[in-house]
Amino acid sequence: MPTKALTLADVLCAAAVIRGQADGTPLVPSQVPGLGQELLLKLETTQPMGAFKLRGALNAMAALPPDAPGVVCCSTGNHGRAVAYAAGRRGMRAVICMSALVPEAKVAGIRALGAEVRIVGRSQDDAAKESLRLVAEDGLVEIPPFDDPHVIAGQGTIGLELLAARPDLSTILVPLSGGGLAAGVALAAKAIKPGLRVVGISMERGAAMQASLAAGHPVEVTEYPSLADSLGGGIGLKNRLTFAMCRDLLDEVVLVSEAGIRAAMQALFHHDRMVAEGASVVGLAAVMTGAVRLGGPTATILTGRNTDMTTFADVVAGGDLQIGDIFLKGRPYGA
Ligand SMILES: *Cc1c(COP(=O)(O)O)cnc(C)c1O
């Protein structure tokens, strides 16, 4: 399906589907000092499953035939949790395939929702292969984590809400992995306000969309452990939608370091009193490090709160951190 097939109308339909279940999250100004201007935070951390992924999952589930035998997906955690929750509400079988890099807290959360969990391989691509096998052999319907029109339209409802709340927005900073969120938000927001700037933000190492955009086509990248674990994974060499949409709709893609992510998690906790996972704060990190310049009312999306609590406690306490092969020396906040 070409990019043109998805329009603002699809996002408006998705908004009707998810109303009362996954919409209407708060938009609040950050209290972090020294940002230079107001930065608004869209609190997807307040979603029932702790992340925005419920929007896309509910919209995709609503489009399934009534006799579908069950659903399957691969996930870095939050998509799987959203699919498990949405399937549970419909009394439908759900199988979630994940790589061994997904933190245990997320795996446990998914099991608790009654879904079957398969841990396969060391990368999101290995999990994706298992998911495709279950489609072929068990007849389950796949709900892709990002490269799917219903998922993109569901995530795009955040763009609608941002502009409904603040028509004066000039920039939206979007955490970027597979690009379902960025594609949907950029599609909706730019359809409503064409001059708006949408910037995708990823972590420095293993940023698959950024590497693909630079190459001009989808490429594979090595995955590394990151505080922003939800931003890991490839975009799929056979990417159908999000690569072209991100290429055509994003004004820029910016990368932030693990140290920058840690500082943003600390600042958000100390000044906004909020718990968020690393993937959530990359927009704040980009502003704090000066990687993006703010030139007018700006919002970023706090995409999720499903952080590993041991790591989070270490981050906010300012202790030493070992993230794969990266060692970050302890740094109490403000020091
Ligand atoms: C999935 C996810 C993202 C990235 O979304 P994509 O659509 O894959 O780009 C960002 N933050 C969190 C918390 C997520 O779960």
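**Pockets, cavities and the ligand**

Tutor: By class, the lining of the largest pocket has nine nonpolar, four polar and eight charged residues. Here Ala, Val, Leu, Ile, Met, Phe, Trp, Tyr, Cys and Pro count as nonpolar, Asp, Glu, Lys and Arg as charged, and the others, Gly among them, as polar. The model is predicted, with local features needing pLDDT of at least 70 and side-chain atom pairs pLDDT 80 or more, while totals for chains, interfaces and linings use all residues. Residues are numbered from 1 along each chain as its sequence is written, and side-chain values use heavy atoms, with hydrogens and water left out.

Student: Which helix gives the largest share of the lining of the largest pocket?

Tutor: A pocket is an open set of points on a 1 Å grid over the protein atoms alone, with protein on both sides within 12 Å along at least five of seven lines, whereas a cavity is a set of points where a 1.4 Å probe fits but cannot get out; lining residues have an atom within 4 Å of a point. The largest pocket is lined by 21 residues, and A128, L132, I235, G236 and L237 lie nearest its centre. Helices (H or I, at least four residues) and strands (E, at least two) are DSSP runs, numbered from the N terminus. The largest share of this lining, five residues, comes from residues 124–138, which form helix α5.

Student: What is the volume of the largest pocket?

Tutor: Grid points are joined across faces, edges and corners, and a volume is the space filled by probe spheres set on the points. For the largest pocket, this volume is about 620 Å³.

Student: How much space lies in the second largest pocket?

Tutor: The lining of the second largest pocket has 12 nonpolar, 12 polar and five charged residues, and α12 (309–317) and β11 (321–323) each supply at least two residues of it. The space in this second largest pocket is about 530 Å³.

Student: Which element gives the most to the lining of the largest cavity?

Tutor: About 290 Å³ of space lies in the largest cavity. Of the 28 residues that line this cavity, F52, K53, S177, G178 and S230 are the closest to its centre. Both α3 (78–89) and α7 (180–192) supply at least two residues of the lining, but the element that gives the most, with three residues, is α7.

Student: Where is the ligand?

Tutor: A molecule sits in a cavity or pocket if more than half of its atoms lie within 2 Å of its grid points. The space that the ligand takes is the largest cavity.

Student: How much of the accessible area of the ligand does the protein cover?

Tutor: A polar contact is a pair of N or O atoms within 3.5 Å; within protein, one must be able to donate a hydrogen and the other to accept it, and residues adjacent in sequence count only if both atoms are side-chain atoms. A polar side-chain atom of N78 lies 2.9 Å from an oxygen atom of the ligand, and a backbone N or O atom of G179 lies 2.8 Å from an oxygen atom of the ligand. Of the 380 Å² of accessible area that the ligand has on its own (by the Shrake-Rupley method with a 1.4 Å probe; for residues, only the protein chains shown count as cover), the protein covers 98%.
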